[in-house]
Amino acid sequence: MATFKEFRNNVKPNWCPGCGDFSVQAAIQRAAANVGLTPEKLAVISGIGCSGRISGYINSYGLHGIHGRALPIAQGVKMANKDLTVIASGGDGDGFAIGMGHTIHAMRRNIDLTYIVMDNQIYGLTKGQTSPRSAAGFQTKSTPLGSIEQTLSPMQLAVTTGATFVAQSFSTDLKDLTAIIEAGINHKGFSLINVFSPCVTYNKVNTYDWFKENLTKLADIEGYDPSSREIAMNTLMKHDDLVTGIIYQDKERPSYQELVKGYSETPLSEAELNLDEAAFDQLVKEFM
Amino acid sequence: MAEQLSWKVGGQQGEGIESTGEIFSMALNRLGYYLYGYRHFSSRIKGGHTNNKIRVSTRKVSAVADDLDILVAFDQETIDVNYHELHKDGIIIADTKFNPVKPEDTDAAFYAVPFTDIATELGTSLMKNMVAVGATCAIINLDVSVFQGVVEEIFGRKGETVVQKNMEAIQQGYDYMKENMASGNSALELPPADGNKRMFMIGNDAIALGALAAGVRLMAAYPITPASEIMEYLIKKLPKVGGTVIQTEDEIAAVTMAIGANYGGIRSFTASAGPGLSLMMEAIGLSGMTETPLVIVDTQRGGPSTGLPTKQEQSDLMAMIYGTHGEIPKVVIAPGTAEEGFYDTIEAFNIAEEYQVPVIVLSDLQLSLGKHTVDPLDYSKINIRRGKLVKEGIPEAENKAYFKRYEVTEDGVSPRVIPGVANGIHHVTGVEHDETGKPSESPANRKAQMDKRMRKLDNLHAVFPEPVYKNAKHDDADLLLIGFNSTGGVIEEAMERLEADGLKVNHARVRLVHPFPTDEILPLIESAKNVAVVENNATGQLASIVKMNAGYPQKIKSILKYDGNPFQPHHIVNSSKELI
């Protein structure tokens, strides 16, 4: 059994000191070890942005792709090799702005992978512009007079879009975050985990202290039932989305791969590619 | 007797024009005739003029005919738009239902036949198409019994009565025409065919079959004309080999999912047309930069923007060669026939894996949707080559050192290991990277990795099967015609006519469009007195590529057609004579 140290590589992250993403990296490494993975059985597929660099900081297979497209790449990897544990990750710009179309359809499709969004409510790598997660009125270089657009709620969207695992966490809460990532990996289907991961350089509003003050743990809400969509939506609305924990989980719905008719029981990446002659002759005859 | 016959059926889209042509073609194909069909249609579900022009011959034909022998009309527009194609011995047969009017300036014979009335009397006007097929049989003197098998296949699941009714409709159409037709028009009778069984398919079928034979397991695609038939075929077939088709939310998802699946170790691809390819450009760069194999089929149609979505054009060429920012090694293959579509698609997957590059299989609407008789495909020619794919046996590295996935090698190709393989861990990124895949901005590393990637294709010309198809028997040709994709057939036919007029004509069809096979084509250009590049676009894209690589900017002329319709032989014959 691998320990979390085996998921560490010898690359020094280029994140700012104090960035929330360090803890997300540590939580992924711990969760991977806790669920019994070995490094070669994990593939981390990431997008572009500060957080997108995470695939290069974990000792596992990893692909750092193009902006907003981590999810379709990750879905392709999982379809190719169902024995791999696939984690897709990136920032709120990656997943909820440029890649939002993919996020919605990945939730509908329900291919078995875990999507971890490092949500800092700002564009950091491009040095401080507004994000779909920024609050209305939020002042940035691109919104000097304050954002006049509505904040996007990925958690409410996920619950209504058919996601089968919807969770939220806070990067400093390493124990809870690790447990949620483990639950996401163990969930048979698509898991969306939004992690508040503060940008210490460009976001002076949504700081560590701000989150500590405003977040409510679902575990502290008596009788919270993550199997109910209605409770999930009501709770999110009541708390202005500022909750942590597993918000919604549908354990009944089969994953995409389980529903694909004829889908190989063994990883496709191990398949022999040659079509036998009898099968080929039959295909040809169908055109005669 | 005619050596070949050109038959066209036309009417409003959605009233069975396509199936009329389909049934007629299938039966004749089974008799051993060579068929070539081209559909004129619009981007709408119902309404608008549509026609299906089918050429029947005892030898292989690969072009839309200049003229027309028989025109079957289900509305007046079909007559008005198409009658000028009929030669003087041609025949119009039109449904009495719309009170057809014969154009004044035609020598063609004209018959109003109660297609709809006969069908309605038999039970349903839907069978008017069958009556028309029967009437056609009377003209070309074909025994209607040849339709029995085809009708059984198409209508069998609807029950024996439906089959009988449809056969009866064909018989009554035949009888009506025999009784009413002026006798002695043997010019339209076909000589018997050889009876050999051959495939009858559209180019997209051949490409899809090629993908299946190449071992594809996942196709990710978004529907678009004229590419959708590829995914429609594979959604039926891939489950039989454990794979599937995923209809994605857009073309960006399609191409990146295919990249992810190739990275994951399987053969995966996507197919689209110009608008989709435009969306895929950034991802093509990712495939080039990360050296992840990728195959994309581009079925060209009329551009730009939405352009002419159901019409023939070859205007994606430059975009396919140069599209994506920055510089990557890329391969663009342009099959010219359905047979080539099959073999080249297999080869595309081999090249993608051997060279670890994106490969574009370029088709065009005429090739992708034109339905034609295809010579037998040779199973023994299918081979699968996966290049430097490493699936096991990697020794453990010290201190978690990453596997050198981007090792600088002499041929530029590095060992490729897929996720799941022990001791093969490395990083993959679209950021410039070192030999282990870790990001690097070092100038020396940048140059080493750039050079490594760009030299990968240096030997491709030497190993690619027939980079240029040549029909070039003259050392001192009066004219060299150069083309690509579906124009090959019509150029060959124009050549025959030009040769009959005493000209010496060579033909070179570029099959490997990029990297351009200069050495193959240069001697033909140098030895010809005149050179013309034939292509369906307005700016002479292939001509520019030829000039850029082979020189001779003054000598190389263009024959262009960009009105949405394919070339017919006379276009090229006339333009060639003007150029010389």
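Modeller: A crossing is called right-handed if the near helix is turned clockwise from the far one by less than a right angle, and left-handed if anticlockwise. With that in hand, and bearing in mind that this is a predicted model, consider helix H1 (residues 17–30) of chain B, which passes helix H5(B) in a right-handed crossing. The axes of H1(B) and H5(B), the latter spanning residues 148–155, come within 9 Å and cross at roughly 130 degrees; the two helices are therefore oblique to each other. On the H1(B) side, Ile23(B), Met26(B), Ala27(B) and Arg30(B) meet Gly149(B), Val150(B) and Ile154(B) of H5(B), and by class this contact has five nonpolar residues, one polar and one charged.

Turning to the sheet, chain B has an open arrangement of five strands in the order S18-S20-S19-S22-S23, with mixed pairing. Its edges are strand S18 (468–471) and strand S23 (556–560) of chain B, each of which pairs on one side only, and neighbouring strands are turned by 20 degrees against each other on average, direction ignored. Strand S22 (residues 530–535) of chain B pairs with S23(B) in the parallel sense over five bridges, and Glu535(B) has Leu560(B) in S23(B) as its bridge partner. Helix H18 (residues 541–550) of chain B packs on this sheet, touching S19, S20, S22 and S23 of chain B, with its direction at about 135 degrees to that of S22(B). Helix H19 (residues 569–579) of chain B also packs on the sheet, where it touches S19, S22 and S23 of chain B, and its direction makes about 150 degrees with that of S22(B).

Technical notes: Residues numbered from 1 in each chain as written. Chains lettered and ligands numbered in written order. Predicted model: local features only at pLDDT ≥ 70, side-chain atom pairs only at ≥ 80, totals over all residues. Pairing = 2+ DSSP bridges. Helix = DSSP H or I, 4+ residues; strand = E, 2+ residues; numbered from the N terminus. Axes fitted to C-alpha atoms, helices over the stretch in contact; angles between N-to-C directions. Contact = placed C-beta atoms within 7 Å. Parallel < 35°, antiparallel > 145°, perpendicular 65-115°, else oblique. Nonpolar A, V, L, I, M, F, W, Y, C, P; charged D, E, K, R; others polar.
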